[in-house]
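Student: I have the sequence and the model open side by side. Can you walk me through how to read it?

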Amino acid sequence: MPEGRRIVQVCGSAGGGVRRHVHDVAEAQSRANDVVLAGPAAVIDGAAQRVRTCVVDIRDRPRAGDLGALRRLRRLAAGADVVHAHGLRAGALAALAIRAARRRPALVVTLHNLPVGGLRVTALAGILERIVARRADVVLGVSSDLVDRARARGAQDAERALVPAPPRPAPTPLTPEQRHELGLDDGRALLVTVARLAPQKGLELLLDAAGRLAGSSGIVWAIAGDGPLRGALQGRIDAGRLPVLLLGRRADVPDLLAAADVVVSTSEWEGQPLGVQEALAVGAPVVATDVGGTREVTGEAAVLVPYGDAAALAASIDGLLADPARRAELSVAARVRADELPRLADVVAQLGAVYDRALG
């Protein structure tokens with residue numbers, strides 16, 4: 001990437017994976033460029049010291065405060081070479097903020113999620129998608145289906161973004177205390193899912209599959225993560241006496257993934273799932289729903305099943321638990337695939353080329 005550019009990275013309300021990605025990109029770019037990271041306080045908090053930050057309160061839904069966000073983005077964009085927005089709302093606001101600029105910066109927008117929700121939500125998302133597609137110089141999508149959507153809505157230059165998982169410490173074996181906490185003293189198999197407890201993660205499907213497995217296999221299914229569905233999920237777990245543990249946020253995720261007999265992702269949609277990437281990196285056998293960009297991440301190094309088919313999900317897990325040789329094959333394939341996945345340096349190189357096109 002050419003050095004000395006002024007780059008404004010804009011991020012709306014974002015979960016952990018997107019937030020970490022934006023922080024990593026801003027820090028890497030700031031080694032040779034003047035970078036400002038703008039977004040809600042909770043999103044920009046914790047950015048690297050060399051990255052300047054500015055609070056711009058971008059929410060999930062339209063509101064009166066959007067006018068203030070537009071004014072702030074307009075001031076930040078003045079004199080910038082590139083404005084790079086992450087997310088549909090941030091991208092649309094950035095496009096509107098710079099449209100009348102005397103010296104218009106290049107606009108790049110990365111789409112990190114598939115719009116989901118009711119008719120009003122999807123209708124609004126369609127409007128924002130068209131604004132982004134037609135006004136951004138380059139649109140990046142974290143999966144091929146998002147790239148195709150952007151092109152269908154008018155994007156002239158669109159490509160798949162690279163979103164690698166951030167480096168994690170090397171895993172260590174679970175201690176006897178950790179194994180006791182998980183209920184593994186009697187030799188039960190460990191299934192691990194790393195997910196925010198939110199609708200997109202398909203956790204109702206997970207519980208359906210757990211119910212099918214409960215009668216045939218001695219398992220513990222541990223879910224690392226927190227979120228708004230925790231109460232409802234725990235209620236169903238208790239009512240059905242399901243072998244599922246909600247662990248909440250964990251600092252030992254690499255250890256859990258490495259200890260798992262099978263790592264499972266049940267998402268309704270994913271771009272480049274960081275939890276799956278982390279599972280591949282530690283050589284975990286993976287079963288995942290074949291949605292979004294998941295297959296683009298796993299290649300042939302995982303067992304993929306259709307979303308919504310609890311019977312197929314349970315059968316795939318049960319089959320792996322009964323077949324140590326197949327699990328060993330997947331473990332080797334996972335490590336090979338992890339070595340093929342992009343790193344942060346690849347992201348920086350891609351964005352350099354993208355910014356060159358946008359400025360050209």
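**Reading the model, feature by feature**

Tutor: Start with Leu76, which is buried, with a relative accessible area of 13%. Buried means under 20% relative accessible area, exposed means over 50%, and partly exposed lies in between (1.4 Å probe, protein chains only). Before going on: this is a predicted model, where local features need pLDDT of at least 70 and side-chain atom pairs count only at pLDDT 80 or more, while totals for chains, interfaces and linings use all residues. Residues are numbered from 1 along each chain as its sequence is written, and side-chain values use heavy atoms, with hydrogens and water left out.

Student: Where is Leu76 found, and which residues is Leu76 in contact with?

Tutor: Leu76 is found in helix α3 (residues 66-77). Helices (H or I, at least four residues) and strands (E, at least two) are DSSP runs, numbered from the N terminus. Contact means heavy atoms within 4.5 Å. Leaving aside neighbours within four places in sequence, Leu76 is in contact with Arg6, Val8, Val36, Ala38, Cys54 and Val56.

Student: Val8 and Val36 are both on that list. Which strand holds the bridge partner of Val8?

Tutor: That partner is Val36, in β2. Two strands pair if DSSP finds at least two bridges between them. Strand β1 (residues 6-11) and strand β2 (residues 34-39) run parallel and are joined by five bridges.

Student: What is the strand order in the open sheet?

Tutor: Seven strands make up this open sheet, in the order β3-β2-β1-β4-β5-β6-β7, with parallel pairing. β3 (52-55) and β7 stand at the edges with a single partner strand each, so one side of each has no neighbour in the sheet. On average, neighbouring strands of this sheet are turned by 20 degrees against each other, direction ignored. For angles like that, axes are lines fitted to C-alpha atoms, for helices over the stretch in contact, and angles run from 0 to 180 degrees between N-to-C directions.

Student: How do I read a pair of packed helices?

Tutor: Two packed helices are described by the angle between their axes and the distance between the axes. Here, α3 and α4 pack at an angle of about 65 degrees, with their axes 9 Å apart. From the α3 side the contact is made by Asp66, Leu70, Leu73, Arg74 and Ala77, and from the α4 side by Arg89, Leu93, Ala94, Leu96, Ala97 and Ile98.

Student: And the core? Which residues touch the most other members?

Tutor: A nonpolar core is a set of buried Ala, Val, Leu, Ile, Met, Phe, Trp, Tyr and Cys residues joined through side-chain atoms within 4.5 Å. The largest one has 66 residues, and Val10, Val56, Leu107, Val108, Leu111 and Val139 touch the most other members. Helix α4 (residues 88-98) gives the largest share of this core, eight residues. A second, separate core of 30 residues includes Ala209, Trp221, Leu246 and Ala314.

Student: Which residues of α6 are buried?

Tutor: In helix α6 (residues 144-152), they are Leu146, Val147 and Ala150. These residues cover an arc of only 105 degrees around the axis, which puts them on the same side of α6. The arc is that of the directions from the helix axis to the C-beta atoms. What covers them includes β5 (106-111), α5 (119-135), β6 (138-141) and β7 (158-160).

Student: Trp221 turned up in the second core. How many residues of strand β9 are buried?

Tutor: Six of the six residues in β9 (residues 219-224) are buried. Ile219, Trp221 and Ile223 lie on one side and Val220, Ala222 and Ala224 on the other, so both faces are covered, as the list of buried residues shows. Strand β8 (residues 189-194) pairs with β9 in the parallel sense over six bridges, and Thr193 has Ile223 as its bridge partner. β9 also runs parallel to β10, joined by four bridges, with Gly248 as the bridge partner of Ala224.
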